[in-house]
Amino acid sequence: MMQVPNEQSKPKKHRGQRFFRGLDLPLITMILAMYGIGMVAVANATPITDDPTGTLFKQMGFDIVALAILVAIYRLPINFRSRGETFGWAGIGISLFLFFIAMFQPAINGAKGWIRLTGVSIQPVEFFKVALVLLFSSYFSSERSFYKQPPVYSAEVQGIVPKLRRFIHDPKFMLRDLLQFVTHVRKGPLLAFFIGEGFLFLFPDMGGILVTTGILAIIALSSGVFRNHLVKVVAIIALIATGYYWILPNFTHLVTSWMQPYQASRLTAYLDPWASADSSGTQIINSYYAMSNGGWFGRGLGDSLQKNGSLPEANTDFIMAIVGEEVGVIGVFVILAILLYIVFRIIYWSFQTKNMNFRLLLIGVAAYLMLQIIINLGGVTGTLPITGITFPFISAGGSSAVSLGMAMGVVLSVIRRIKEDNQEKNEGKE
């Protein structure tokens, strides 16, 4: 007679198998590849006068800490479904405290926002970004139920053209929506967000404002809270984009009159770098030279000409210009392809779950990565003003590396839980 195997007769899983259970191997492989590429890029982009070997070991230490945090978040029994908002609030509280400390620190290149401790600089905004993803993914997944029913006046404005007409001729149309939303949701997270934005404005850190505002907007739109108002959101974005490309060139003096001197110089350098080639325009011009020197296949690792004094911030904000010079357009495309794979892999998993909190967590991290890539490359190529945003995984810096480790740990942990949930559902059907 055939014996039914009991629990004791089942082969036990090896400890390593249990550790990697639920791990998305393609994603973690690409993440590790990016950390490795980043260390090589930092070492090669550091000027000889700044001790490339010392910079490499320093960055290696940051990356090891980042990966340790990634593994800890992935393996610890953290329930983001029920505790995500708590962790988000903790991160927001710590970030706001660090912002307050940074206000009393000396300015670097005309701006504050860094805390210097025994040779290490902490940039609180990097942790604020991850905290926002944690807080608002939970916040909008619970508050979105308010907008499950369409507004009472939606019957009056069916179709895209009538909605646009109503938006243009009735400014109260959008203001009424905003007032309705604000008066029906918990205001704590929004208040914390605006306090953080206030600190960023005072530093000032326009790059941080762009990324954090973008993260909030993308999570809010992805949650469905504003799905009945998507036309208005698109119209506002179009108006801002039109104003950006029309107002800046034609009213430069008016726009720069309320800026800090270094911000005004960055803006004028963006509009015409050759007019200030010996001052504020030198960074973007030498970035052009670096990319031009690289061609399709690059000059070779370590053979950059622009890193040795010509291009400031060669291994941080403008590291992709040096990467382009050394490995060429093909090498840059390979790096972008890996990063885009990471982003789209995260988005893919966001659609494998019906849990809105998990979905918004993944979309928030994907938005964080994409915004950093777009804004940094925009500054390097001159299509956007320079904002001081680092390039993910590649730029030198501890705060950026550690915050990315935290974000990737959250992503891998959420994916593991999605796999477990889907497996339980499949077993239930059987």
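Predicted model: local features only at pLDDT ≥ 70, side-chain atom pairs only at ≥ 80, totals over all residues.
Helix H2 spans residues 25-45, and helix H14 spans residues 319-350. Their axes lie 10 Å apart. The packing angle is about 160°. Angles over 145 degrees count as roughly antiparallel, and H2 and H14 are therefore roughly antiparallel to each other. The crossing of H2 past H14 is left-handed.

On the H2 side, the contact is formed by Pro 26, Leu 27, Met 30, Ile 31, Met 34, Ile 37, Ala 41, Val 42, Asn 44 and Ala 45. H14 contributes Ile 319, Ile 322, Val 323, Glu 326, Ile 335, Ile 338, Leu 339, Tyr 341, Ile 342, Arg 345 and Ile 346. Of the residues in this H2–H14 contact, 18 are nonpolar, one is polar and two are charged.

Thr 29 also belongs to helix H2. Its relative accessible area is 43%, and Thr 29 is partly exposed. The C-alpha atom of Thr 29 is separated by 9.7 Å from that of Ile 342. Along the chain, Thr 29 and Ile 342 are 313 residues apart.

Thr 353 is buried, with a relative accessible area of 8%. A polar atom of the Thr 353 side chain lies 3.0 Å from the backbone nitrogen of Asn 355. Beyond neighbours within four places in sequence, Thr 353 is in contact with Phe 358, Arg 359 and Ile 418.

Technical notes
Residues numbered from 1 in each chain as written. Heavy atoms only, no water. Axes fitted to C-alpha atoms, helices over the stretch in contact; angles between N-to-C directions. Helix = DSSP H or I, 4+ residues; strand = E, 2+ residues; numbered from the N terminus. Parallel < 35°, antiparallel > 145°, perpendicular 65-115°, else oblique. Left-handed = near helix turned anticlockwise from the far one by under 90°. Contact = heavy atoms within 4.5 Å. Nonpolar A, V, L, I, M, F, W, Y, C, P; charged D, E, K, R; others polar. Buried < 20%, exposed > 50% of the residue type's maximum accessible area, 1.4 Å probe, protein only. Polar contact = N/O pair within 3.5 Å; in protein donor to acceptor, adjacent residues only side chain to side chain.
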